[in-house]
Amino acid sequence: MFKRRPLQSKSEVWMRNIAMGFLILYMTIFLIIPVVIVIAGSFHQWNPLNETYKWIGIDNYIRMFSYPTFWQSMANTVIFCAVVVIFRVLLGLAIAYALNSKMMRHKTLFRTIFYMPTVTPLVAVAYVWKIMYNPQFGLIDNIFGLDINWLFDSKFALIALIAMTVWKDFGYAVILFLSGLMSLPSDCYESAGIDGANAWQTFRYITLPLLKPTMLFVVVTSIISYLQAYVPVLVMTEGGPGTSTYLSSYLVYDQAFKQYNFGFASAISLFILVLTAIFTVISFRVTGAQES
Amino acid sequence: MKHRIMKIVLYIVLALLGVVTVFPFIWMVLSSFKTNREIQSIAQSLLPEEFIPDNYLNLQQTFDFLRYFANSLIIAVIVTAIVIYTSCLCGYVLGKYQFRGKNIIFGFVMMTMMVPWSVTIIPRYTMFMQAGLQDTYISLVLPLMVSGFGIFMMKQNMEGIPDELIEAARMDGSNEFQTFHKLILPLCKNGISAIAIFQFLWVWEDYLWPYLMIDSESKQLLAVGLTLFNGRYSTDYGGLFAATTISIIPVIAVYVIFQKRFVSGVAAGAVKG
């Protein structure tokens with residue numbers, strides 16, 4: 001265990017001062033100052049092109065809450081996040097559980113394959129999938145004998161983005177759950193076997209509770225990263241058709257770097273920050289509540 | 001008997017999922033050897049009629065793709081090397097030292113992971129424009145020198161190193177800098193591999209920041225290069241397939257080579273987390 005021991009030698013003090021000094025400097029410049037600038041900016045009409053920077057109070061926030069595209073993007077983001085996270089957890093857990101069973105061999109091969117999409121660059125993957133969704137010669141309509149114009153039909157475009165993201169990311173959950181499963185103590189299972197628990201009961205009452213830290217990690221990191229998703233939208237749909245695939249982070253990109261409404265974009269981005277914090281706290285609460 | 005059937009079913013399901021996972025890659029690589037006419041024809045087949053390298057050759061002629069590739073490679077290697085070092089250093093100090101304010105600093109490190117890019121990018125853009133750093137590689141490297149994820153991972157890794165080992169090195173009269181470089185760093189290979197692959201990938205696929213900072217086309221990075229190519233030759237699907245193949249295959253190759261070390265590195269961060 002860790003002893004409470006103060007820094008002893010001069011070189012330890014030096015080491016700490018250098019590392020932490022650097023870290024504090026970095027975080028001040030790239031985290032604290034930017035957040036202050038964004039908060040201030042959200043109360044201004046701010047356009048860097050014509051150099052406007054004018055105090056307008058909470059007008060940006062009023063405009064945001066009465067802006068239909070904002071609400072559309074929020075609804076899309078919540079759906080996108082929820083569906084992808086659910087699939088990621090279910091697929092990840094199921095596959096990891098199967099790979100971990102004593103029956104399976106070739107674990108490394110499967111693991112390597114499932115993890116491949118996760119380590120590929122998203123921009124390139126999004127382009128490949130864009131062609132896969134092509135209604136004339138795309139892979140998906142061809143294989144399933146469908147005639148759907150995935151990315152240009154507002155009923156299907158968001159689903160198309162979700163499907164690509166699930167494909168790209170489920171492998172990460174597989175790896176994490178697999179290592180979680182492999183680190184579980186085997187004596188729990190032995191006593192469960194003696195007590196005559198069946199496979200489902202063992203999974204439900206022993207494995208699942210023990211996997212709680214891994215579950216929390218997967219859910220929290222997923223929510224944080226999906227609230228920030230914009231590349232699939234940018235490459236595959238540009239928010240269209242209409243505004244049916246606007247995600248909130250894409251809206252920030254659109255407002256900030258296409259329209260140059262920096263103040264308005266700042267307000268939206270702060271809303272995303274608050275949302276991230278709320279979802280993180282909720283995830284901790286939900287998994288924490290099952291403890292008793 | 002029941003056991004046997006279960007096993008076969010399990011294998012079939014996993015194999016199917018495996019095929020679904022790999023198929024887009026295979027399709028991409030095979031299509032990159034087809035002509036545009038064949039790609040867009042009604043009668044589709046997986047294998048090209050004949051393998052032609054024209055997409056790759058034309059790509060280089062119309063569009064200096066290797067340049068983007070080299071630019072991305074240089075920036076990604078530099079950033080990854082810096083991030084590995086800063087992550088290990090900060091992870092070591094945060095994981096192994098006791099001092100006042102440590103938890104507050106670590107709290108801020110965790111916050112850097114939570115704050116979305118959309119919050120920091122507007123001020124960062126403004127700051128870099130005012131500093132006159134647009135169109136320089138400094139602007140690409142500077143903001144990426146520290147990674148909250150990396151520090152978090154390395155702190156977990158460092159806590160797994162027994163204190164006695166470090167004490168012994170101190171007894172032998174090695175100062176902290178020597179201990180860190182000669183003893184600690186070599187012990188963290190798994191964590192370092194995980195950070196290396198992730199950080200390399202993040203720089204490789206980052207789109208918005210290089211798009212905002214770099215003006216001259218010759219300095220541009222690969223991810224933006226792909227969108228430039230698509231914007232200019234939007235119907236050259238063969239070219240796009242070749243371009244995406246070039247930008248995906250190296251990353252996968254690195255992953256497959258290092259995957260064993262890498263997987264245990266990733267896992268260490270989450271299980272204890």
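Predicted model: local features only at pLDDT ≥ 70, side-chain atom pairs only at ≥ 80, totals over all residues.
Local features need pLDDT of at least 70 and side-chain atom pairs count only at pLDDT 80 or more, whereas totals for chains, interfaces and linings use all residues.

Me: Why is the packing of helix 4 of chain B against helix 11 of chain B called oblique?
Reply: Helix 4 (residues 65-96) and helix 11 (residues 189-205) of chain B pack at an angle of about 140°, with their axes 9 Å apart. Angles under 35 degrees count as roughly parallel, over 145 as roughly antiparallel, 65 to 115 as roughly perpendicular and the rest as oblique, and so helix 4 of chain B is oblique to helix 11 of chain B.

Me: What makes B:V79 and B:F200 part of the residues where helix 4 of chain B and helix 11 of chain B meet?
Reply: Two residues are in contact if their C-beta atoms, placed from the backbone, lie within 7 Å; B:V79 is among the residues of helix 4 of chain B that meet helix 11 of chain B, whose side includes B:F200.

Me: How do you know which part of chain A has the highest confidence?
Reply: By pLDDT, the predictor's confidence in each residue, from 0 to 100, helix 12 (residues 248-257) of chain A is highest at 95, while helix 8 (residues 186-194) of chain A is lowest at a mean of 72. Chain A as a whole has a mean pLDDT of 88, with 95% of its residues at 70 or more.

Me: How many residues of chain B are in contact with chain A?
Reply: In chain B, 68 residues are in contact with 75 residues of chain A, and helix 14 (residues 237-272) of chain B gives the most to the chain B side, with 15 residues.

Notes
Residues numbered from 1 in each chain as written. Chains lettered and ligands numbered in written order. Axes fitted to C-alpha atoms, helices over the stretch in contact; angles between N-to-C directions. Helix = DSSP H or I, 4+ residues; strand = E, 2+ residues; numbered from the N terminus.
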